Amino acid sequence: VRVKEESEVIEGEVVEIEIQRYDNKNIKMNKTGKMGKMILKTTEMETLYDLGSKMIDALQKENITAGDVICIDKSTGKITKIGRSFGRSKDFDAMDPNVNFVQCPEGELQKRKEVIHTVTLHDIDVINSRTQGFLALFSGDTGEIKNEIREHIDMKIKEWQEDEKAEIVPGVLFIDEVHMLDIECFSFLNRALESEQSPIIIMATNRG
C-alpha cells in the first residue's frame with residue numbers, strides 16, 4: 001500500500017554550520033552538550049536557524065556540510081540529504097563519482113510536500129492488532145490477527161483509495177514445489193484470490 005500524506009518540510013542549501021560545545025566549566029548547567037547555528041538558503045531567501053543537540057547529532061550522522069542540499073521534516077525532525085549544490089561543484093579538484101549534484105531549491109524555505117510511505121497490509125494489521133503496535137513488527141510477536149481487525153483495515157484502505165490518499169500495488173507470492181500442497185491449501189488459495197487486494201500468485205513444480 002502506498003499511502004500519501006502532506007507534511008511541512010524545510011528544504012534548502014546549507015550555507016554554513018557552526019557548532020559549539022559547552023560543559024560545566026563554562027556554563028552553569030548540569031550536563032554537557034552542543035549548540036549551534038545553521039544558515040539555509042534558496043534562490044529567493046536565506047534564514048538562520050538555531051540548532052539543539054539532537055538536530056546537531058542528526059546532521060553529523062548524515063555527514064551534512066556546507067554546500068549540501070537538505071530536507072528537514074518538521075513533524076519528525078528527520079533530515080534527508082538530497083545532494084550537493086551545483087554552485088559548490090568546483091570547490092574540489094576531485095569528487096566522489098557517486099555525488100549527486102542538484103540545483104539550489106527555489107521559493108520559500110518552508111513548504112508543504114507530498115510524502116509517500118510504502119507499507120504492506122500485513123504490517124498495518126500487526127500494528128493495529130497488538131498493544132505494543134509498531135514494536136510488534138521488530139519483536140516478531142505477530143500472533144493471530146482477528147478477522148474483525150482485517151475487515152476494519154480493509155474498510156479504512158478503501159476509504160483512503162476513494163479519497164486518493166492511498167494506492168494498492170499488488171504483490172507477488174511465489175510458491176515452489178506446489179505439488180506438495182493438499183486440497184485444503186488449494187481451497188484456501190482459491191478463496192484468497194477472490195479478494196480485491198490479493199497478490200499475484202506464481203506456482204512452480206518439477207512434477208510432470
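A: Two strands are said to pair if DSSP finds at least two bridges between them. Helices (H or I, at least four residues) and strands (E, at least two) are themselves DSSP runs, numbered from the N terminus. The model is predicted, so local features need pLDDT of at least 70 and side-chain atom pairs count only at pLDDT 80 or more, while totals for chains, interfaces and linings use all residues. Residues are numbered from 1 along each chain as its sequence is written, and side-chain values use heavy atoms, with hydrogens and water left out.

Strand β4 (residues 68–73) and strand β5 (residues 79–85) run antiparallel and are joined by five bridges.

The axes of helix α2 (residues 121–129) and helix α4 (residues 147–162) come within 10 Å and cross at roughly 120°. Such axes are lines fitted to C-alpha atoms, for helices over the stretch in contact, and angles run from 0 to 180 degrees between N-to-C directions. Angles under 35 degrees count as roughly parallel, over 145 as roughly antiparallel, 65 to 115 as roughly perpendicular and the rest as oblique; α2 and α4 are therefore oblique to each other. On the α2 side, Leu121, Ile124, Asp125, Asn128 and Ser129 meet Ile149, Arg150, Ile153 and Ile157 of α4, where contact means heavy atoms within 4.5 Å.

A further detail concerns Gly171, in the loop between β8 (166–167) and β9 (172–175). Gly171 is partly exposed, with a relative accessible area of 35%, because buried means under 20%, exposed over 50% and partly exposed in between (1.4 Å probe, protein chains only). Leaving aside residues up to four places away in sequence, Gly171 touches Pro199 and Ile200.

Overall, the protein has five helices and 10 strands, and buried residues make up 26% of its 208 residues.
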